[in-house]
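Student: Could you walk me through this model the way you'd read it yourself? I'd like the general idea each time, then the case at hand.

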Amino acid sequence: MNAKNNQPDSRQTGETSRRILKRDPQPNLFKPITFRKITARNRIMLSPMCQYSAKDGLADDWHLVHLGARATGGAGFVFTEAVHIEPRARITPHCLGLWNDEQRDALKRIAEFVAQQGAVPGIQLGHAGRKASVGRPWEGTRPIAPDYGGWPVISASNKPYADGWPEPEKLGRKGIDQQLELLAAATRRAHQAGFQVLELHAAHGYLIHQFLSPLSNDRDDEYGGSFDNRIRFLLQSIETVRSEWPENLPLFLRISATDWVEGGWNIDDSIRLAKILKTASQVDLIDCSSGGSDPRQKIPIHPGYQVPLSSAIKNEAGIATGTVGLLHGPDLAESVLANGDADLIILGRALLADPVWPLRAAKTLKSNSAPWPVQYERSDIF
Ligand SMILES: Cc1cc2nc3c(=O)[nH]c(=O)nc-3n(C[C@H](O)[C@H](O)[C@H](O)COP(=O)(O)O)c2cc1C
């Protein structure tokens, strides 16, 4: 018991109770946000970020501490890195997977801990397609041949990602159906593990994006050619996730809103897709990233460089969006929300560098709704 307020002492119960002070008008960044039955305490989301630290696709203490620290650091949504639906879906041999129950159970304790800290636990599901089977960034991100611990890769077409990359096996009708079954099974396990939001990874040149972009899809069947055919695998993937993911839990979709290459997928395609998704009401938010499908891309990188993509999709399709990419200044993040350019601020490297970014941003923006965990309360001087 805590003698001062007659409440159970959170340091003994293991829970992080947070003292809510008298409410002031909140900055947008710290206003709660609701999707279906899930409400997050603020609009800051930890972006999915591979840690390349798993063995056999299993999450371990690294993942618990990494994601747990961002939850205690005050983020509203804490997302896992891309979690892969079959062994050959992994980007590297050290990426996370969710094709068996052991992997589900390893993720479960992380989802539970994140939720105990007041954050919404989210999981990103993905398949790297022709960009799978590469070394870790610190090993050079080069393709690993099957004889050296890699594996044969699959894609929408036989086109390799770049010179020197392997020729993928083009998925046939049976292969596509098998992918949807794997996605359904991973979705079921994600729910059993206790995640409250699922993000489908359709960005960065990975498998779904390989179907979307004319740069990587030269099929002449019902999955290639026209816009409607190229989005078919994505729509079927969304349908599949929704058939397993509870109606009252949100589904996010990460797309590359443009390939940044002439003749590739572009912002007009993204807006057209977003309008279809808005009408279907299965996807709750589009996480607007960009690039990754072609090494010829020219990305105009500067703070907030992907905000215009989010803004166009949100305002033209009327669907909620998240924006990501060099948004590390709290004032910039706040102004993006205030301008109506996005509904969520998604942070990657800023939260790697500083797990308590949300708590510091609350101080900068004079919000009192993001108090330090009681265990860390005395660091509130910073
Ligand atoms: C180490 C690292 C790993 C990443 N892994 C993923 C991933 O698993 N899934 C994904 O969609 N994006 C991934 N990304 C991209 C980030 O989620 C984010 O979109 C990007 O870093 C831009 O945001 P930032 O400027 O806030 O870092 C990764 C980025 C980094 C730095």
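Student: Let's start with Ser216: buried or exposed?

Tutor: The general idea is a cut-off on relative accessible area: buried means under 20%, exposed over 50%, and partly exposed in between, with a 1.4 Å probe and protein chains only. Ser216 has a relative accessible area of 1%, so it is buried. By the way, this is a predicted model, where local features need pLDDT of at least 70, side-chain atom pairs count only at pLDDT 80 or more, and totals for chains, interfaces and linings use all residues. Residues are numbered from 1 along each chain as its sequence is written, and side-chain values use heavy atoms, with hydrogens and water left out.

Student: Where does Ser216 sit, and which residues is it in contact with?

Tutor: Helices (H or I, at least four residues) and strands (E, at least two) are DSSP runs, numbered from the N terminus. Ser216 is in the loop between helix H5 (207-212) and helix H6 (227-230). A contact means heavy atoms within 4.5 Å. Leaving aside neighbours within four places in sequence, Ser216 is in contact with Arg130, Ala156, Ser157, Lys159, His209 and Gln210.

Student: And Gln26, what does that one touch?

Tutor: Gln26 is in the loop between helix H1 (10-13) and strand S1 (33-35). Not counting residues up to four places away in sequence, Gln26 touches Lys31, Ser367, Asn368 and Ser369. Its relative accessible area is 16%, so Gln26 is buried. For a sense of distance, the C-alpha atoms of Gln26 and Trp260 are separated by 37 Å, and the two are 234 residues apart along the chain.

Student: What about Gln178: where is it, and how accessible is it?

Tutor: Gln178 lies in helix H4 (residues 173-192). Its relative accessibility is 37%, so Gln178 counts as partly exposed. Gln178 and Trp138 are 40 residues apart in sequence, yet 33 Å apart in space, C-alpha to C-alpha.

Student: How should I read a positive phi?

Tutor: Most residues other than glycine have a negative phi. Here, phi of Tyr52 is near 50°, and phi of Lys366 is near 60°. Tyr52 lies in the loop between strand S3 (44-46) and helix H2 (61-72), while Lys366 is in the segment after helix H12 (357-364). Tyr52 counts as buried because its relative accessibility is 18%; Lys366 has 67% and is exposed.

Student: Zooming out, what does the radius of gyration tell me about the chain?

Tutor: You compare it, over C-alpha atoms, with a globule rule: 2.2 Å times the number of residues to the power 0.38. With 382 residues, a compact globule would come out near 21 Å, and the chain has 21 Å, which agrees. Along its principal axes the C-alpha trace spans about 70 × 45 × 40 Å. The chain has twelve helices and 13 strands, and 59% of its residues count as buried. Of the contacts with a separation of 6 or more, 71% come from residues 24 or more positions apart.

Student: Last one: how far can I trust the coordinates?

Tutor: pLDDT is the predictor's confidence in each residue, from 0 to 100. The chain averages 94, and 94% of the residues score at least 70. Over residues 1-24, though, the pLDDT is below 50, and this stretch has 38 contacts in the model beyond near neighbours in sequence. Where pLDDT is low, the predicted coordinates should not be read in detail.
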